[in-house]
Amino acid sequence: MSEYVLQTNQLSKRFKGSVALDKVNVSIRKGSIYGFIGQNGAGKSTLMRIVAGLAFPSEGTIELFGTGTERELTEARKRMGLIIEGPSLFPHMTASENLEVNRLLRGIPGKDCISRMLELVGLQGTGRKKVKNFSLGMKQRLGLAIAMLSDSEFLILDEPTNGLDPMSVIEMRELLKRLNHERGLTILISSHVLSELHLLASHYGIIHHGKLLEQLTARELNDKCQQYVHIKADQPDRAAMVIQNELGTTDFEVMPDGAIKLYGYREQSGKVSTALFSAGLTIEQLMPMGEDLESYFMKRIGGAGNV
Amino acid sequence: MYNLIRAELFKLRKDRSFHVLVLIIAALSLAYPLLYYIDNKSGGKPQFTGAEFLIKFVASNGYIIKFSIAALAGFFIASEYTTGVMKTVASSGNDRGRLYAAKLIGFSAGAMMISLIFPLVSLAEVSMLSGFGQLPEGVDAFFLPRVLRFTLLYTAAYAAIGALFTAMFTESGKTISFLMVFFLMINTILGGLGEYIPVFTTVYDYSVFKLLGDIGKTRIDGGDVPALLLVPLLTIVVSGLLGVLVFRKKEIK
């Protein structure tokens with residue numbers, strides 16, 4: 001049994017004149033919540049659509065639940081659910097009827113699952129109300145119920161909180177956490193709201209211009225986010241040179257205001273101050289700092305100029 | 001496969017466009033003979049009997065079949081691409097060939113039901129107003145069941161063609177407008193081409209587009225029956241297989 005729900009191997013997707021995915025190797029462990037981070041057009045949805053069988057790779061392969069042939073992948077997709085670019089619903093049907101169509105599609109015996117799923121997402125009281133009259137939050141929850149209908153083990157959620165009000169965002173997050181915790185559900189989720197993702201994900205993948213820049217766990221991310229030392233010295237250029245020469249690292253940034261962000265020395269700030277003092281520099285500020293996911297993401301993709 | 005067909009029939013039963021089409025065609029089927037009845041009555045002309053009406057107007061059902069297939073293809077199938085439902089369908093863990101076959105069966109079932117409305121409703125209405133009457137001499141008692149059977153068969157063939165183009169276009173507007181124009185113009189196009197390139201005359205003569213006009217004939221020669229049966233069956237098989245091929249290769253947005 002593979003410990004990974006999804007693995008891609010050198011996955012590439014080219015459209016006419018552009019590369020949407022460039023040799024991407026994603027690995028998603030069973031039971032994890034994998035936050036997929038990237039700008040619009042970075043390749044997140046393309047990868048999700050290939051995994052769901054909606055698009056076909058130009059090169060490379062995917063493995064779902066440890067299986068990889070086309071026939072096996074089709075079968076493996078019975079174990080997953082998805083919401084890609086909004087929930088896919090029949091607007092003139094009720095919530096139960098929407099679930100019934102999907103129950104039949106997936107060949108699930110018995111209708112018990114319908115009431116169970118409606119209860120799970122808090123839509124049990126919608127009765128004969130047509131989906132077209134649902135709020136966006138209700139539609140998203142119904143989309144989630146459909147995705148979970150066959151007791152899915154793997155959920156693919158592309159921007160599931162798009163357009164939701166703050167309360168619905170919290171509800172959705174709590175629901176996903178609960179499903180992950182109670183059922184061991186593996187989730188691949190993308191969101192533009194990185195702070196939201198930070199509260200949910202256990203693993204991250206950062207994708208930019210079709211290339212997977214990095215995969216890391218939440219712990220690794222936290223470590224990386226908190227490991228820089230904020231330095232403000234009277235001569236920023238000299239300070240940068242001293243850091244490079246004396247500490248032997250180039251893992252730092254000189255900010256427009258002259259402040260320096262030195263990575264990897266959070267626990268050794270004494271060493272940093274000694275080096276700067278010894279060089280005769282006046283240190284105005286020197287403190288260990290943390291950064292949020294958004295800042296980390298911006299740094300990884302090469303700053304706001306690359307957005 | 002059975003569950004997929006059930007899903008399609010469930011969707012058809014709940015489909016608003018299908019309900020609207022049934023209602024519109026039923027209303028037209030009631031109004032059309034009624035107008036004749038009123039006109040004949042006020043003009044002092046003899047009334048049509050049910051049998052006469054059917055023989056005279058059954059060919060008009062071809063237009064209803066073409067129109068309803070174009071509309072249903074756009075609203076029942078193509079709208080699933082527009083609403084995004086096709087994403088859930090295609091990723092449901094079912095083979096795409098089976099999904100297409102089930103969709104074609106559900107769609108054909110809907111079109112076949114619609115195709116029977118005009119002959120049955122108008123026949124019932126005229127028979128109630130003026131009686132069924134007698135079939136003309138030489139027309140056997142199997143005429144009505146034969147016409148209905150061929151109507152169903154040819155509707156299924158047209159539905160297979162409609163589903164194929166829907167898989168190619170995937171947008172409701174494009175699908176409806178293309179199918180309307182295609183079904184209305186194809187006879188003229190094939191007929192016109194046949195004048196310059198004779199093979200097109202043969203193609204046209206043995207196509208569902210030409211033969212649809214023959215299914216309401218009161219007398220069919222024994223030699224014509226195989227063509228009348230085989231052409232729609234082959235059309236269903238070929239269009240169905242092409243549709244499966246297109247759908248398998250289709251990226252769903």
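Guide: Happy to; this is a predicted model, and we will take a few labels in turn.

Visitor: Why is A:F65 called buried?

Guide: Buried means under 20% relative accessible area. A:F65 has 11% relative accessibility, so it counts as buried. You will find A:F65 in the loop between β5 (59-64) and α2 (70-76) of chain A.

Visitor: What makes the phi of A:F65 worth a remark?

Guide: Phi of A:F65 is near 50°, which is a positive value in a residue other than glycine. A:E85 is another non-glycine residue with a positive phi, at about 55°. A:E85 sits in the loop between β6 (80-83) and α3 (95-105) of chain A.

Visitor: What makes a set of residues a nonpolar core, and which residues of the largest one touch the most other members?

Guide: The members must be buried residues of nonpolar kinds such as Leu and Phe, joined through side-chain atoms within 4.5 Å. The largest core has 97 residues, and A:F154, A:L188 and B:F209 touch the most other members. Helix α7 (residues 143-169) of chain B gives this core its largest share, twelve residues. A second, separate core has 49 residues, including A:C113 and A:F297.

Visitor: Which residues does A:L188 touch?

Guide: Leaving aside residues up to four places away in sequence, the partners of A:L188 include A:L6, A:I28, A:Y34, A:F36 and A:F154.

Visitor: How do you know how α3(B) and α6(B) are arranged?

Guide: The axes of helix α3 (residues 50-57) of chain B and helix α6 (residues 96-130) of chain B come within 8 Å and cross at roughly 150°. The crossing of α3(B) past α6(B) is right-handed. Among the residues making the contact are B:F53, B:L54 and B:F57 of α3(B), with B:F118, B:L123 and B:V126 of α6(B).

Visitor: How many residues of that contact of α3(B) with α6(B) are nonpolar, polar or charged?

Guide: Eight are nonpolar, three are polar and none is charged. Gly counts as polar here, and B:G50 is one of the contact residues of α3(B).

Visitor: What is buried between chain A and chain B?

Guide: The two chains bury about 2,500 Å² between them, with 60% of it on carbon and sulfur atoms. Chain A brings 32 residues to the contact and chain B brings 29 residues. A:L54, A:L104 and A:L105 supply 26% of the area that chain A buries against chain B, more than any other three residues.

Technical notes: Residues numbered from 1 in each chain as written. Chains lettered and ligands numbered in written order. Predicted model: local features only at pLDDT ≥ 70, side-chain atom pairs only at ≥ 80, totals over all residues. Heavy atoms only, no water. Buried < 20%, exposed > 50% of the residue type's maximum accessible area, 1.4 Å probe, protein only. Helix = DSSP H or I, 4+ residues; strand = E, 2+ residues; numbered from the N terminus. Contact = heavy atoms within 4.5 Å. Axes fitted to C-alpha atoms, helices over the stretch in contact; angles between N-to-C directions. Left-handed = near helix turned anticlockwise from the far one by under 90°. Buried area = accessible area lost by both parts, 1.4 Å probe.
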